[in-house]
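Dear colleague,

I am passing on a structure for you to look through. Please open it first and then read the notes below it.

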Amino acid sequence: MKLTVWTYEGPPHVGAMRVATGMKGLHYVLHAPQGDTYADLLFTMIERRNHRPPVTYTTFQARDLGSDTAHLFKDACRDAYERFKPEALIVGASCTAELIQDDPGGLAETMGIPVPVIPLELPSYQRKEYFGCDETFFQITRALARQMDKTDRITCNILGPTGLGFRHRDDVEELTGLLSEIGVDVNVVAPMGATPTDITKLGQAHFNVMLYPETCEAACRYLERELGMPYTKTVPIGVGATRDFIAEVQALTGLTGQPDESRLRLPWWSASVDSTYLTGKRVFLFGDATHVKTSARIARDEMGFEVVGLGCYNREFARDIRALAKEFGLEALITDDYLEVEKAIEDAAPEMILGTQMERHIGKRLGIPCAVISAPVHVQDFPARYSPQVGFEGANVIFDTWIHPLVMGLEEHLLAMFREDFEFHDAAGPSHHGGHAPKPLEEAPATSVAAEAEGSMPEDTAARSTGSDVAVWLADAEKELKKIPFFVRGKAKRNTEKYALEQGVTEISVDTLYEAKAHYAR
């Protein structure tokens, strides 16, 4: 455990909260100090839920540590049952409470609460949030799911969606429609929207759909082993993956229904004249393993991008991501340190980032466009509109999401055409902002490219940040540099400064700029 400004995953008890918050009729009693109640904000503020998570905290304080804290947990359990009357309770400890070793599971077992009480053993100092999701749902499934007679019609369970998930709500809706077109009904969606009673009925389905392996793979394996229920292995994100998923479901069920592809636009749009500008765009991918794996296929095979780097933060899937990276001729980045990710992105110098909310901030600092493909995300990635990632409509949404941060070919041409215009030159502010008064071109202050990428950094700071302590840009060279499209301008500047340093050049002229270009083009 370490102190950090940002983190990709919280501790495991946050994963347990995601499962509990997604379900109904389940309550989570968490042995935790007062400060650990911050997690409520993740759901009410970021996910915009209109109710608090179903969690009761013991909220012990420092003065309680000198006495027996077990009675605080027992009182909290009793009060939670009497107040909320849940169908089942899950009990556990936060990372802080784990240190005092009160054993919430053992304490709850002795209390005679008349509903199932499911203890959670979540190693807070070895594992993280996604493990907490997966383990919690597995323990709930193991405690409640039973062998049952199958439904008359072919049905499946959709497993994996939780609270605080990236587009989980809309993915379930899109996938339900897709399965219906094949001829498969949905028996239970879990954890999200399910009650403990619904979990007991999982065995009625003919197979399970493993929608997000990070949150349900252990449960899927258990149901296959104990109840003989097969599960799908393909996550239907992207056109190719969706078609593969349909074929997999047809093979499992013997059904021949074929979903309607008439609303699918990604293949033609990504191949159309305007979008050929996307071909060969260099992209860097980072996020959770499921979304990185599916996005890598979309980027290369369906959008024509060149993947120049990829990785994930959840180490449980490191082997899968390393194998994927090897297929792309890359070395996978497996880390939960955002500073390592930033360094890798800066070294790769991509033209676009596909990542999490963290990478969005990194992109802002480096001046690189970014589209969010994975949790963790901020409030703007829980949209009010219908915005799935799975299925054919999900492919359309992904196309729009990915191309919007990029400047298309026509736009770039117009920017170059009007670069010297009094209103649109580089130093002029956005003309659509109120009160904007463009400065005449001759009055515009000269700024370095690094300053443009960072927002308004002083030139000397920008020079230090790129290591250009020696080389000085001459006015003509700086003017020529501004003709380079903004999304690769930073890389061009860094390469030129590196070349000048290697050649012992102290003043960068237009000739130096083009010599560097020729040098790195070899």
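The notes below go through the strands, the sheets, the cores and one glycine.

This is a predicted model, in which local features need pLDDT of at least 70 and side-chain atom pairs count only at pLDDT 80 or more, while totals for chains, interfaces and linings use all residues. Residues are numbered from 1 along each chain as its sequence is written, and side-chain values use heavy atoms, with hydrogens and water left out.

Some terms come first. Helices (H or I, at least four residues) and strands (E, at least two) are DSSP runs, numbered from the N terminus. Two strands pair if DSSP finds at least two bridges between them. Strands of a sheet pair through backbone hydrogen bonds, either parallel or antiparallel.

Start with strand β1. Six of the six residues of β1 (residues 26-31) are buried (under 20% relative accessible area, with exposed over 50% and partly exposed in between; 1.4 Å probe, protein chains only), so the strand is largely enclosed by the rest of the structure. Leu-26, Tyr-28 and Leu-30 point one way from β1, and His-27, Val-29 and His-31 point the other way. Six bridges pair β1 with strand β3 (residues 88-93) in the parallel sense, and His-31 has Ala-93 as its bridge partner in β3. β1 also pairs in the parallel sense with strand β2 (residues 55-57), over three bridges. There, Val-29 has Thr-56 as its bridge partner. Between β1 and β2 the chain passes through helix α2 (residues 40-46), and this β-α-β crossover is right-handed (with the strands pointing away from the viewer, the path from the first strand over the helix to the second runs clockwise).

Strand β5 (residues 155-159) is joined to β7 by four bridges, and Leu-159 has Met-210 as its bridge partner in β7.

Leu-285 stands opposite Leu-354 in β11.

Which residues have the most contacts inside the largest nonpolar core? They are Tyr-28, Ile-90, Ile-140, Leu-159, Ile-199, Leu-223 and Ile-345, in a core of 65 residues (a nonpolar core is a set of buried Ala, Val, Leu, Ile, Met, Phe, Trp, Tyr and Cys residues joined through side-chain atoms within 4.5 Å). Helix α5 (residues 129-144) gives the largest share, seven residues. Another core, of 55 residues, lies apart from it and includes Leu-285 and Phe-328.

Last, Gly-280 sits in the loop between α10 (266-271) and β8 (282-287). Gly-280 counts as partly exposed because its relative accessibility is 37%. Its contacts include Phe-305 and Glu-351, not counting residues up to four places away in sequence.

Regards

Technical notes: Contact means heavy atoms within 4.5 Å.
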